[in-house]
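These are my notebook entries on one structure, set down in the order in which I looked things up.

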Amino acid sequence: MVTQKDISVACGVSVAAVSRALNGHGDISVGTRKRIIDAAEKMGYMKRGKRIKKERTYLIGILFTEKELSEFHNEIVSEIRERLMGKGYDLLMLNLTEKERGMVEKPGYLSRARLMGLDGVLLFSSIPEEEFCLSPEHRDLRELVFGDIPVVAVDCAFPSCACVKPACDEGIRELFGYFYGLGHRRIAFFSRKKTSQQAYLERELRAMANEDGRNLLNGFFCFYETKSEREAAAKTGEILSDARWLPPTCLLYEDSGLLQGSLASIRNAGFRIPEDISVAVMSHRNGEIFEGKVLTSWTLLPSRIANEAANMILREISKPGLCSGQTLLVKGAMMPGETAVRVELEEAGAG
């Protein structure tokens, strides 16, 4: 078993210096602290799941794997900052600076977090879980997630990590059910990423069709992966003008940006909202206005995610490992608006 004395011998420093470095005391140089922490890690002193006790610094790191944050994530961070500052904590960016990105040996996220004396880290990432687990490119991130500093993933999920996510899959089901209840059977959903809901909802559509006892040969519920407003606009124009089938009676978009990007395509196809076609989005604002009308939406406010994320990181800091592996899904709500209308089943393609 590796002891602090073993580390002191390897680094050529006193046992007291090793103890100060590993327990987060400030009376030791940054270079010496890094050398001791690196040696301790290589020698196996720090085991996964074992957190070295240290004095609390009331510093929490924020790490983004994307170069730019969405408006939604910016609002979440702002709300988290407000809540944690009320508890006496400060937020520090853990992302590498431009100067550090050019270094031959970049400081790892875990080493950086230790050197900064962080009590915990809030992680925002769009990296798919399977890529996170397997890709050598993300080894640095895995070391952080599996390391000795509490990490809470926000709007994403990673193995053995406490996570806070919007219940978007449930939101898609609620949007689908809402419009199905209004008589819509030809529904198109536009998402910026792949969703697990496609197969589920297609099965639901078939089950509902059987319960109706109607012929729904002209009905469909289609998912389209559109990573940008331009792609959404192109696909919207394509499905509204394709003479091979009846156009959808309802267009659902993952966010307002995709809907705004598709507006010209809807108009060019000769459709009016909501007289000719209904639209709705997954939103992060109550009472969002679109073309002078209250937008029909499934809404989840950033403040709700921020509140849960702040509470979870504070619980993890107080009792490390308490929330590890848990995923908290934050629910939104359907907000009826003026961009959706009821249609007769015959109009929806049910003969």
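Entry 1, Arg-83. I listed the contacts of Arg-83 (heavy atoms within 4.5 Å). Leaving aside neighbours within four places in sequence, I found Arg-83 in contact with Ser-303, Ala-306, Asn-307 and Ala-310. Between Arg-83 and Ser-303 I noted 220 residues in sequence, but 9.8 Å in space from C-alpha to C-alpha. I then checked accessibility, where buried means under 20% relative accessible area, exposed over 50% and partly exposed in between, with a 1.4 Å probe and protein chains only. Arg-83 has 28% relative accessibility and therefore counts as partly exposed.

I am working with a predicted model, in which local features need pLDDT of at least 70 and side-chain atom pairs count only at pLDDT 80 or more, while totals for chains, interfaces and linings use all residues. Residues are numbered from 1 along each chain as its sequence is written, and side-chain values use heavy atoms, with hydrogens and water left out.

I read pLDDT as the predictor's confidence in each residue, from 0 to 100. The protein averages 83, and 83% of the residues score at least 70. Over residues 47–53 the pLDDT is below 50, and this stretch has 14 contacts in the model beyond near neighbours in sequence. Residues 213–218 also stay under 50, with 16 contacts beyond four places in sequence. Where pLDDT is low, the predicted coordinates should not be read in detail.

I took helices (H or I, at least four residues) and strands (E, at least two) as DSSP runs, numbered from the N terminus. The protein has 13 helices and 14 strands. Of its 351 residues, 47% count as buried. Among contacts between residues at least 6 apart in sequence, 74% join residues at least 24 apart.

I counted two strands as paired if DSSP finds at least two bridges between them. Six strands form an open sheet with parallel pairing, in the order β2-β1-β3-β4-β5-β13. Its edge strands, β2 (90–93) and β13 (327–330), each pair on one side only. For angles, axes are lines fitted to C-alpha atoms, for helices over the stretch in contact, and values run from 0 to 180 degrees between N-to-C directions. Direction ignored, neighbouring strands of this sheet are turned by 25° against each other on average. Strand β1 (residues 59–64) pairs with β2 in the parallel sense over four bridges; Ile-62 has Met-93 of β2 as its bridge partner.

Entry 6, helix α4. I located Arg-83 in helix α4. Helix α4 (residues 71–85) lies across β1, β2, β3 (120–124), β4 (151–154) and β5 (162–166), and runs at about 165° to β3.

Is strand β9 mostly covered or open? I found six of its six residues (278–283) buried. On one side these are Ser-278, Ala-280 and Met-282, and on the other Val-279, Val-281 and Ser-283. Strand β8 (residues 250–253) runs parallel to β9 and is joined to it by four bridges, with Leu-251 opposite Val-279.

The axes of α1 (residues 4–11) and α2 (residues 15–22) come within 8 Å and cross at roughly 105°. I recorded the contact residues as Gln-4, Lys-5, Ile-7 and Ser-8 of α1 and Val-15, Val-18, Ser-19 and Leu-22 of α2.
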